[in-house]
Amino acid sequence: EAKVCIFGHIQRGGSSTAMDRMVASRMAAMAVDALINGKCNAMIGVQGMSYKLVSLADAVKKKTFTYQGLLDLVYILSQ
């Protein structure tokens, strides 16, 4: 028997919150607006309290710092 599920919420371990829905709605609205205005090959990202349209080329070329303690925690929790 097949069942319908939303993988994002299963991966995070629960039902979506009001904040999840608000972030998803804002990102979706920005994505649709970008497409209407002819912009493509881009992604919507969150920087601080702002949502920004960033080209995919710019998004993948920047190296970001990852806190080692967070990586260690991910490793521990994945065991």
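I take helices (H or I, at least four residues) and strands (E, at least two) as DSSP runs, numbered from the N terminus. The model is predicted: local features need pLDDT of at least 70, side-chain atom pairs count only at pLDDT 80 or more, and totals for chains, interfaces and linings use all residues. Residues are numbered from 1 along each chain as its sequence is written, and side-chain values use heavy atoms, without hydrogens and water.

**Pockets.** I looked for pockets on a 1 Å grid over the protein atoms alone; a pocket is an open set of points where a 1.4 Å probe fits, with protein on both sides within 12 Å along at least five of seven lines, and lining residues have an atom within 4 Å of a point.

I looked up the second largest pocket and found Met19, Met22, Val23, Arg26, Val46, Gly48, Met49 and Tyr51 in its lining. Helix 2 gives the most to this lining, with four residues.

For the largest pocket I noted a lining of Met43, Gly45, Val46, Gln47, Lys52, Val54, Asp58, Ala59, Lys62 and Thr64. Strand 1, strand 2 (50-55) and helix 3 (56-61) each give two or more residues to it. Strand 1 gives the most, with four.

**Asparagine 41.** I checked the backbone and found a positive phi of about 55° at asparagine 41, although it is not a glycine. Most residues other than glycine have a negative phi. I placed asparagine 41 in the loop between helix 2 (18-36) and strand 1 (42-47). Asparagine 41 is exposed, with a relative accessible area of 58%; exposed means over 50%, with a 1.4 Å probe and protein chains only.

Definitions and conventions:
Buried means under 20% relative accessible area, exposed over 50%, partly exposed in between (1.4 Å probe, protein chains only).
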